[in-house]
Number of protein chains: 2
Amino acid sequence: MASKAERGERRTDALSKERIVETAIEILDADGEGALTFRALTERLSTGAGAIYWHVANKNELLAATTNDVIARAMTSVVHTKDPKKAIRAIGLAVFDAFDAHPWAGSQLSREPWQPAVLRIFEAIGGQLEALGVPQRSQFDSATALVTYILGLAGQYAAGARLIAPGTDRSAFLADVATEWEQFDEATYPFVRRMAGQLRDHDDRAQFLAGLDLLLTGIASPPKTNTTT
Amino acid sequence: MASKAERGERRTDALSKERIVETAIEILDADGEGALTFRALTERLSTGAGAIYWHVANKNELLAATTNDVIARAMTSVVHTKDPKKAIRAIGLAVFDAFDAHPWAGSQLSREPWQPAVLRIFEAIGGQLEALGVPQRSQFDSATALVTYILGLAGQYAAGARLIAPGTDRSAFLADVATEWEQFDEATYPFVRRMAGQLRDHDDRAQFLAGLDLLLTGIASPPKTNTTT
DNA sequence: GGTCGATTGGAACAGCGTTCCAGTTACAGT
DNA sequence: ACTGTAACTGGAACGCTGTTCCAATCGACC
């Protein structure tokens with residue numbers, strides 16, 4: 001943080017990629033994906049478009065930088081544990097909470113994976129698999145499945161957040177959808193109808209964890225030949 | 001009033017939502033997401049923007065209609081099986097193959113879930129859980145996890161397809177990324193480095209199935225609390 | 001043949017990301 | 001102290017987008 005002030009800034013209000021990214025995150029958090037335009041950015045930074053383009057290649061790069069920032073912050077907040085299952089759960093929850101706080105990051109990340117930040121998640125999760133007893137040749141599949149699940153949920157969660165958007169009450173919205181589900185045709189949608197009740201009062205975070213645990217159980221299970229215990 | 005397309009259309013080249021959606025899919029398949037504009041659409045249909053807006057509310061609705069179309073077609077192609085695991089695998093693969101053929105649908109769907117088509121997937125998968133021996137109260141979590149995984153992968157797969165885009169060779173691209181992985185810092189990315197080899201010659205479809213199986217194994221496992229039956 | 005709602009085609013609009021460039025700033029070399 | 005230069009800035013302009021608006025046309029029925 002203090003590296004720039006060392007050599008004396010060119011100007012006190014000097015522009016920098018960091019300041020641009022920071023401002024972009026503020027706009028995204030405050031008013032959502034649609035609000036992040038170069039015009040909004042220039043106004044907020046009281047500068048011109050050209051100045052921003054000097055620091056940032058284009059909007060995609062800017063978006064990537066914002067999500068990277070969010071994920072990186074989330075990853076550093078993960079507390080370390082010995083128990084590998086708990087560790088993976090902690091990573092998943094950290095990412096989940098990041099997307100909860102910044103839904104726009106979810107939709108961005110699910111559209112543009114393989115950014116550095118995702119590699120960090122991949123690494124962090126993969127590092128636990130050895131301790132979980134997953135054989136080497138299965139680790140790639142397992143890690144990928146976990147990352148896919150986490151990122152996939154991120155995208156859907158973001159979509160959900162976008163759907164409820166304004167001042168609408170979340171539980172009221174869920175209740176509406178649930179009622180809708182209950183009125184589907186019994187013959188073609190029996191399962192959906194049966195699930196309406198659970199949709200109404202489910203908790204996203206708990207559901208995310210439940211799915212993650214299912215995956216972990218599958219991963220930790222011995223390969224499906226005979227179990228000699 | 002009653003039947004519009006019964007006999008004698010208004011004009012032989014009559015516009016209709018179906019014809020618009022069909023043309024949109026053609027454009028998307030041929031030239032990708034970015035190519036679908038109302039200008040391209042009007043030119044291809046030799047009409048004006050107003051005519052299209054008479055049948056379609058806006059671009060979002062049009063996009064939703066195209067993905068719905070693709071998914072609906074994929075779902076009808078699923079062959080029925082008695083074995084619930086095989087049935088779920090078949091559903092997953094049908095969806096996967098649909099996204100393989102139409103990558104744009106993947107990114108659209110992961111951004112805008114809960115469309116009718118997704119509900120069809122949810123229903124189809126959920127209907128198998130009873131046969132799998134999943135207790136009622138776990139079925140919601142299990143079905144959601146499965147749909148999340150499938151849709152999440154769709155989004156990432158679509159992103160990957162967009163990345164390789166033009167005439168580039170897929171395996172050459174993977175090799176490049178793998179080489180990149182191998183050169184990461186050993187101290188901070190040991191796992192990523194170890195996985196480089198498997199990334200190089202992995203098969204997306206097989207990997208998808210592997211993850212799905214992990215999830216299925218977890219779902220079919222008895223709940224981990226004490227079973228006092 | 002006249003009427004009227006359903007449909008069409010295209011011009012016009014506001015807003016977007018991006019490019020371009022003339023101007024300004026801060027320092028290095030003299 | 002002066003100047004040359006490269007880093008940086010601000011804003012006008014461009015081409016493209018989704019969308020709106022409306023005058024013209026179509027097809028069925030009186």
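Student: How far apart do the C-alpha centres of domain 1 of chain A and domain 2 of chain A lie?

Tutor: In this predicted model, those C-alpha centres lie 31 Å apart. Domain 1 of chain A covers 1-56 and domain 2 covers 71-220, with bounds that come from an automatic or database domain assignment. Residues are numbered from 1 along each chain as its sequence is written, chains are lettered from A, and ligands are numbered from 1, in the order in which they are written. Local features need pLDDT of at least 70 and side-chain atom pairs count only at pLDDT 80 or more, while totals for chains, interfaces and linings use all residues.

Student: How many residues of chain A are in contact with chain B, and which elements give two or more of them?

Tutor: Two residues are in contact if their C-beta atoms, placed from the backbone, lie within 7 Å. By that rule, 39 residues of chain A meet 39 residues of chain B. Helices H7 (103-111), H8 (116-132), H9 (136-164), H11 (190-200) and H12 (204-220) of chain A each give two or more residues to this side; helices (H or I, at least four residues) and strands (E, at least two) are DSSP runs, numbered from the N terminus. H9(A) provides the largest share, 13 residues.

Student: Is H7(A) covered or exposed?

Tutor: A residue is buried if 20 or more other C-beta atoms lie within 10 Å of its own, exposed if 12 or fewer, and partly exposed in between, with C-beta atoms placed from the backbone. H7(A) is mostly covered, with nine of its nine residues buried. Among them are A:Trp104, A:Gln108 and A:Arg111.

Student: What surrounds A:Ile91?

Tutor: A:Ile91 is found in helix H6 (residues 84-101) of chain A. This residue counts as buried because it has 23 C-beta neighbours inside 10 Å. Leaving aside neighbours within four places in sequence, its contacts are A:Val78, A:Ile121, A:Ala124 and A:Ile125.

Student: Which residues touch the most other members of the largest nonpolar core?

Tutor: A nonpolar core is a set of buried Ala, Val, Leu, Ile, Met, Phe, Trp, Tyr and Cys residues joined through C-beta atoms within 7 Å. The largest one has 114 residues, and A:Val95, A:Leu215, B:Val95 and B:Leu215 touch the most other members. Not counting residues up to four places away in sequence, A:Leu215 touches residues of chain B, including B:Leu214 and B:Leu215, and also A:Ala145, A:Leu146 and A:Tyr149.

Student: Which residues come nearest to DNA strand C, and which are closest to DNA strand D?

Tutor: A residue is near a strand if its C-beta atom, placed from the backbone, lies within 6 Å of it. Of the 21 residues around DNA strand C, A:Thr37, A:Gly50, B:Thr47, B:Gly48 and B:Gly50 come nearest. H3(B) gives the most to that surface, five residues. DNA strand D is surrounded by 21 residues, the closest being A:Leu15, A:Thr47, A:Gly48, A:Gly50 and B:Gly50. There H4(A) gives the most, with five residues.
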